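Student: I am new to this structure. Could you show me how to read it, step by step?

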Amino acid sequence: MTEKIKSFLFENKTLRQTVVKNVFWLFSGQMIGRLLRAAVVVYAARILGAEGWGAFSYALSLAAFLSIFSDIGINALITKEAVKKPELKNRYLATAFFIKLGLLAIIVATAALFADRLAAVKEAAALMPLIILVFAFDSLRDLGAAVARANEKMELEAGIGIFTNAAIVACGFAFLFFDQTAFALAAAYAVGSGAGLAAAAYLLRENFQNLRRNFDRSLVKPIMLSAWPFGLMGVMGALMINTDILMLGWLRSAAEVGYYSAAQKPVQLLYVLPTLLATSVFPALSRFAKDGNKKAAEKTLGETLGVVLLLAVPLAAGGVLFGNEIINLLFGDSYAAAAASFKLLMLTVLIVFPFAVIGNAIFAYDRQKQFLGFVALGAGGNFVFNLLLIPRFGIEGAAAATIITQLISNGYLWIKMKKISDVRVFSRLKKILPASALALAAAVFLKQTGAGLPAVIAFTALFYFALLYLWKEEILLKTAGIFLVFFQKTR
């Protein structure tokens with residue numbers, strides 16, 4: 001049985017088994033890693049207070065905003081081209097590596113020269129050198145992740161991610177024990193991220209041999225021209241997450257940045273779920289699109305959307321219903337001001353989950369240029385609505401601006417997707433909506449009896465999935481069927 005489990009989790013056999021295996025590893029790596037990091041985030045937010053945590057969050061967002069220009073879609077391009085042209089994988093990888101090094105050098109130099117002018121929150125300026133170093137390490141490590149994804153070996157990516165976050169957590173607790181400052185936390189992030197890069201370099205060393213020899217100058221221009229549309233999705237994500245923080249720093253206070261960052265963190269953790277699933281099916285979608293197998297592509301896309309909607313609806317509703325209790329459980333009474341923003345941001349789950357999948361599908365169909373309008377609407381809309389709403393409504397205005405912008409930009413993306421593929425979303429909600437309503441009604445009843453929030457969440461999740469199973473929800477049964485067949489074979 002042990003050998004069969006190893007075979008299931010470490011070998012690529014059938015399409016569904018490979019997708020499930022990839023989802024398992026990506027989910028395990030990301031969720032375990034992020035839950036580990038969440039521990040130090042909650043601890044640091046409590047230790048540093050809203051103002052200190054706000055300064056660190058502002059520096060992190062500013063560095064993330066600058067670092068989006070270090071990738072410009074290169075990682076996604078490597079995954080896509082390695083699947084379509086495996087004979088050119090080494091040349092693409094070597095050339096992309098040196099392009100990324102050049103872009104990183106420019107960004108690091110820019111940040112070093114203009115850190116004081118860029119940081120509207122004064123306390124964040126001293127943190128910028130360390131935070132920029134964190135994103136330089138992360139950017140290079142992500143290139144290794146792209147190689148693992150191209151080989152559909154997500155188990156390597158998962159291992160590297162868990163190790164990196166464990167290192168950050170260990171350093172975070174240790175550094176904050178001796179020095180309870182934002183600078184100590186930034187140093188912990190830098191050391192942990194550097195350790196993760198070293199681990200990636202070691203585990204993927206065979207893929208990074210002979211980089212200088214495989215570098216192909218003739219590929220620089222094609223990579224840059226092909227990659228930038230891929231980068232638009234990353235730019236959009238970075239803008240939506242970081243513009244709110246940056247503008248709050250410009251227009252309000254460090255404490256409000258801290259409250260808003262606390263509201264964002266749990267929601268951003270949830271955003272990982274559709275991204276993992278979309279990443280897992282991306283190689284398969286790319287192959288189907290390349291081979292002209294429209295039926296297989298639409299089936300894979302439809303089933304993937306079914307899975308993310310099955311998760312999105314109860315998560316969003318539960319977040320709105322129990323927002324106050326969740327913030328209090330995670331961050332304590334001192335962060336009660338973050339609850340309203342958290343509830344608003346939880347509504348974005350209904351938008352982000354399906355469109356994370358749709359965005360990857362557009363890439364697979366080689367329609368990346370469709371993202372030009374998407375990014376323009378997203379970036380411009382987020383800036384304008386933040387400018388209008390933050391001065392009057394503060395962090396709640398920033399959350400509302402995010403919802404409005406996502407509705408507009410993703411509505412545009414939906415129109416473009418319908419022209420590519422006849423994908424259907426709303427028809428998949430027939431059983432999900434009533435099951436969510438009944439599960440949440442049960443949660444409210446349990447809450448009134450005095451049950452603790454963790455127990456309420458656990459029971460509600462079990463009740464929800466039990467209902468879907470009894471009602472024979474197709475997506476749930478198909479996903480469960482893969483594991484059932486596997487475990488029957490291992491007896």
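Student: Which residues does isoleucine 475 touch, not counting residues up to four places away in sequence?

Tutor: Contact means heavy atoms within 4.5 Å. With neighbours up to four places away in sequence left out, isoleucine 475 touches Glu303, Gly306, Val307 and Arg428. Between isoleucine 475 and arginine 428, which are 47 residues apart along the chain, the C-alpha separation is 9.1 Å. One caution: this is a predicted model, where local features need pLDDT of at least 70 and side-chain atom pairs count only at pLDDT 80 or more, while totals for chains, interfaces and linings use all residues. Residues are numbered from 1 along each chain as its sequence is written, and side-chain values use heavy atoms, with hydrogens and water left out.

Student: Where does isoleucine 475 lie, and is isoleucine 475 buried or exposed?

Tutor: For burial, under 20% relative accessible area is buried, over 50% is exposed, and in between is partly exposed (1.4 Å probe, protein chains only). Isoleucine 475 has 5%, so this residue is buried. Isoleucine 475 lies in helix α20, residues 474-489; helices are DSSP runs (H or I, at least four residues), numbered from the N terminus.

Student: How do I describe two packed helices?

Tutor: Use the angle between their axes and the distance between the axes. Axes are lines fitted to C-alpha atoms over the stretch in contact, with angles from 0 to 180 degrees between N-to-C directions. Here α15 (residues 349-364) and α17 (residues 395-420) have axes that come within 10 Å and cross at roughly 40°. The two helices are therefore oblique to each other (under 35 degrees is roughly parallel, over 145 roughly antiparallel, 65 to 115 roughly perpendicular, and the rest oblique).

Student: Which residues make the contact of α15 and α17?

Tutor: Among them are Ile351, Val352 and Phe355 of α15, and Leu407, Trp414 and Met417 of α17. The residues of this contact divide into 12 nonpolar, 2 polar and no charged. Nonpolar covers Ala, Val, Leu, Ile, Met, Phe, Trp, Tyr, Cys and Pro; charged covers Asp, Glu, Lys and Arg; the others, Gly among them, are polar.

Student: How many aromatic pairs does the structure hold?

Tutor: Rings of Phe, Tyr and Trp (its six-membered ring) pair if their centres lie within 6.5 Å; planes under 30 degrees apart are stacked, over 60 edge-to-face, and the rest tilted. The structure holds 11 such pairs. In one, phenylalanine 97 and phenylalanine 98 have ring centres 5.3 Å apart and planes at 80°, so the pair is edge-to-face. Phenylalanine 97 is buried at 19% relative accessibility, whereas phenylalanine 98 is partly exposed at 29%.
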